[in-house]
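This report walks through one protein model, from the overall fold to single residues. Please keep the viewer open while reading.

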Amino acid sequence: MPFTILRQDITKLPVDAMVNAANTGLAMGGGVCGAIFQAAGAEQMQEACRKAAPVPTGKAAVTPGFALPARYVIHAVGPVYHGNEASRCEALLRSAYWSSLELAVEYRCASVAFPLISSGIYGYPKEAALRVAVETIREFLRNHDLDIYLAVFDKESFVVSRQMLGDVEAYLSENYVARDTSPQRFLNRFESQVTSVPDLDSRACGSVPDNLEEIIGNLDEPFNATLLRLIDARGKTDVEVYKKANIDRKLFSKIRTGKGYMPGKRTVLALAVALELSLPETDALLEKAGYALSHSIKADVIVEYFILRKEYDIYAINEVLFHYDQPLLGSN
């Protein structure tokens, strides 16, 4: 998928370009920077950086990847965080990401891996650093086709909004059954949906919207035909849908063409989010592809939470899925 969050050592990712969280002198440092230098070959990398330095804060420079699995290393200089200059720091951090992505395009890279720039010893608050990274990458992807990875080394490095997580956790506690199929558990879940989640009433009682038959279409209609009708009905373009779904153009073309190909469940859910379908409409689209939402699958309950609240931001959904160690929505 175009944008993926990974919990992995960035130095081991086989990408065209690997981004280093650099200092202005491009000198070998600690953390991610030190790991990249060591994996590339410290002496070679330092010599290449010496020729490219200095680099202003908010900008980036390119060197070969040497012994790394990446062809290039893009050295992005993020800001040292100062709370009394938060707006300036944010602008510089966005610029560091944007400059890196522009260099990746200039060097004809199809895939780029980022660390969470400035979130280590530079002191940028991790939740804010994540927001800037996601927003900037998202904006860039509107006009470019790249596979972009955000690599975080451990869970402590990845901080999602506490308010959002609190709401999701409350919904999970009421609706995620963790494969407990006892009658009492299902009765409790049903009662909580009826009394505390009004948006679920129509689904729990078995009623469906009047236009659901139109959404499903003829039972013999192929999935791709249903999808194309949905796109037209929503007044969207193919490009808008596959970009909002965080799936790549080639996969969307494969789905659109049909010829017996059926996308995976996570891709169908991503398309439902991109089309801003209601929960019954999402159920219908999943059924058309041979899938269903399950309250014994944590990822399904999380996606359901967002759809019920009409929060159709694939990036926000994937951040929460990543936090809970669940598979992300998109290409599969």
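## Terms and model

Two strands pair if DSSP finds at least two bridges between them. Helices (H or I, at least four residues) and strands (E, at least two) are DSSP runs, numbered from the N terminus.

This is a predicted model, in which local features need pLDDT of at least 70 and side-chain atom pairs count only at pLDDT 80 or more, while totals for chains, interfaces and linings use all residues. Residues are numbered from 1 along each chain as its sequence is written, and side-chain values use heavy atoms, with hydrogens and water left out.

## Overall fold

The protein chain holds 15 helices and six strands. Of its 332 residues, 48% are buried. Buried means under 20% relative accessible area; exposed means over 50%, and partly exposed lies in between (1.4 Å probe, protein chains only).

The accessible surface is about 15,300 Å², and carbon and sulfur atoms account for 51% of that. These areas come from the Shrake-Rupley method with a 1.4 Å probe; for residues, only the protein chains shown count as cover. Take the contacts between residues at least 6 apart in sequence: 69% of them join residues at least 24 apart. Contact means heavy atoms within 4.5 Å.

## The sheet

Six strands make an open, mixed sheet, ordered S1-S6-S5-S2-S4-S3. Its edges are strand S1 (3-7) and strand S3 (60-64), each pairing on one side only. On average, neighbouring strands are turned by 25 degrees against each other, direction ignored. Axes here are lines fitted to C-alpha atoms, for helices over the stretch in contact, and angles run from 0 to 180 degrees between N-to-C directions.

Strand S4 spans residues 72-77 and pairs with S3 in the antiparallel sense over five bridges. Ala61 has His75 in S4 as its bridge partner. Pro64 is bridged to Tyr72 in S4. S2 and S4 run parallel, joined by six bridges. There, Ala21 stands opposite Ala76 of S4. S4 is largely enclosed by the rest of the structure because five of its six residues are buried. Helix H2 (residues 42-52) lies across S3 and S4, at about 140 degrees to S3.

## The largest pocket

The largest pocket has a volume of about 660 Å³. It is lined by 26 residues; Gly30, Gly31, Val32, Cys33 and Gly120 lie nearest its centre. Strand S2 (17-22), helix H1 (31-40) and strand S6 (147-152) each give two or more residues to the lining. H1 gives the most, with four residues.

On a 1 Å grid over the protein atoms alone, a pocket is an open set of points with protein on both sides within 12 Å along at least five of seven lines, whereas in a cavity a 1.4 Å probe fits but cannot get out; lining residues have an atom within 4 Å of a point. Grid points are joined across faces, edges and corners, and the volume is the space filled by probe spheres set on the points.

Helix H12 covers residues 265-274, and nine of its ten residues are buried, so it is largely enclosed by the rest of the structure. Among the buried ones are Lys265, Thr267 and Leu269. Just after H12, Glu276 takes a positive phi of about 55 degrees.

H14 is mostly covered too, with ten of its eleven residues buried.

Asn246 sits in the loop between H10 and H11. It is buried, with a relative accessible area of 1%. Thr267 is 21 residues away in sequence and 8.9 Å away in space, C-alpha to C-alpha. Beyond its neighbours within four places in sequence, Asn246 contacts residues from Met1, Pro2 and Phe3 to Ile314, Tyr315, Asn318, Leu329, Gly330 and Ser331.

Asp300 belongs to helix H14. Its relative accessible area is 4%, so Asp300 is buried. Asp300 and Leu269 are 31 residues apart in sequence and 9.1 Å apart in space, C-alpha to C-alpha. Neighbours within four places aside, Asp300 is in contact with Lys265, Leu269, Ala292, Leu293 and Ser294.
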